[in-house]
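The entries follow in the order in which I looked things up.

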Amino acid sequence: MIRGKTLLGFDFDLTLVEQDSDHRILALVPETHQKFQSLYDAGMQFTDSVATSLLDLHARGIGPSQILEALKTIPFDDAVRQMFEFAKSNNADIVILSDANTFYIDEVLKAKGLRDYVSEIITNPASWGEQGQLIVKRHTTEPPHGCSRCSPNLCKGKEFLGFIQRCGVQYDRLVFTGDGRNDFCPMTKLGPRDVALARTGRTLAKCLENEQNRAQISAELRWWTEPSEMFQIIQEILNTDAN
Ligand SMILES: [Mg+2]
Ligand SMILES: [Zn+2]
């Protein structure tokens, strides 16, 4: 057993990058973005709406190179790079759980030189079709994950615990950081020694305004607004663990 090891679980969009990657790519063509919004508003599941809209984006002439360029230039705060470097030098592991897709996250991390810092990326699988269209599928299909807190494509709580089980490390402390409603579930899986890092002003914050929801988190709950504050809290946690 390895003692004193911390696992840092992160959401991706608006946690590690400062813009939602799905919206950034679909907004390459405003008509496509509008189509996505109307599909989603009409009740189509999020991943399915993205997948359908990506085919529309391709039909309107957007290919791999434009998508790649938009990913490489996504707004990114350097505090995230410093945080990953700090985590690595303090023997912490990093796992990403996201409703985006493998291609977006891989390419953004590669562009920032951070891919090797991440043990695993758990998200919707993406691949390129023969015509150069990006094909995104749900992470979870059959059997359904059965979690009523989460969207059918991914239960971040179940996946976070699943990663811990299969990686074979006995973590001393778990930290989960996110901004969205879908980051609530993994935070409910944390214990009293663990830390939930919620970003202010977004859908997770709204969810945690509800007393009954907040009561489901037994971990210490800490708030951040800017990535530099998230980095500062992670530093505090890892420095405490080292002592
Ligand atoms: Mg997010
Ligand atoms: Zn869940």
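I call a residue buried if 20 or more other C-beta atoms lie within 10 Å of its own, exposed if 12 or fewer, and partly exposed in between, with C-beta atoms placed from the backbone. By that criterion, buried residues account for 39% of the 243 residues in the protein chain.

I note that this is a predicted model, in which local features need pLDDT of at least 70 and side-chain atom pairs count only at pLDDT 80 or more, while totals for chains, interfaces and linings use all residues. Residues are numbered from 1 along each chain as its sequence is written, and chains are lettered from A and ligands numbered from 1 in the order in which they are written.

**Overall build.** I found eleven helices and eight strands in the protein chain; helices (H or I, at least four residues) and strands (E, at least two) are DSSP runs, numbered from the N terminus. The radius of gyration, taken over C-alpha atoms, is 18 Å, close to the 18 Å of the globule rule for 243 residues, so the chain is as compact as a globular protein of that length; the rule is 2.2 Å times the number of residues to the power 0.38. The C-alpha trace spans about 55 × 40 × 35 Å along its principal axes.

**Domains.** I looked up the division of the protein chain: domain 1 (6-17 + 77-242) and domain 2 (23-71), with bounds from an automatic or database domain assignment. Their centres, over C-alpha atoms, are 24 Å apart. In contact across the boundary are 16 residues of domain 1 and 13 residues of domain 2, contact meaning C-beta atoms, placed from the backbone, within 7 Å. On the domain 1 side, helix H6 (102-111) and strand S5 (134-136) are the elements that give two or more residues. H6 supplies the largest share, four residues.

**Core.** Which residues of the largest nonpolar core touch the most other members? Of its 57 residues, they are Leu-8, Ala-87, Ala-196 and Ile-234. Both domain 1 and domain 2 give residues to this core, so it lies between them. Such a core is a set of buried Ala, Val, Leu, Ile, Met, Phe, Trp, Tyr and Cys residues joined through C-beta atoms within 7 Å. Beyond its neighbours within four places in sequence, Leu-8 contacts Ala-87, Ala-92, Asp-93, Ile-94, Val-175 and Ile-234.

**Helix H7.** I listed its buried residues as Lys-156, Gly-157, Glu-159 and Phe-160. These pack against partners including strand S1 (6-10) and helix H8 (184-188). Just after H7, Gly-168 takes a positive phi of about 75°.

Key
Contact = placed C-beta atoms within 7 Å.
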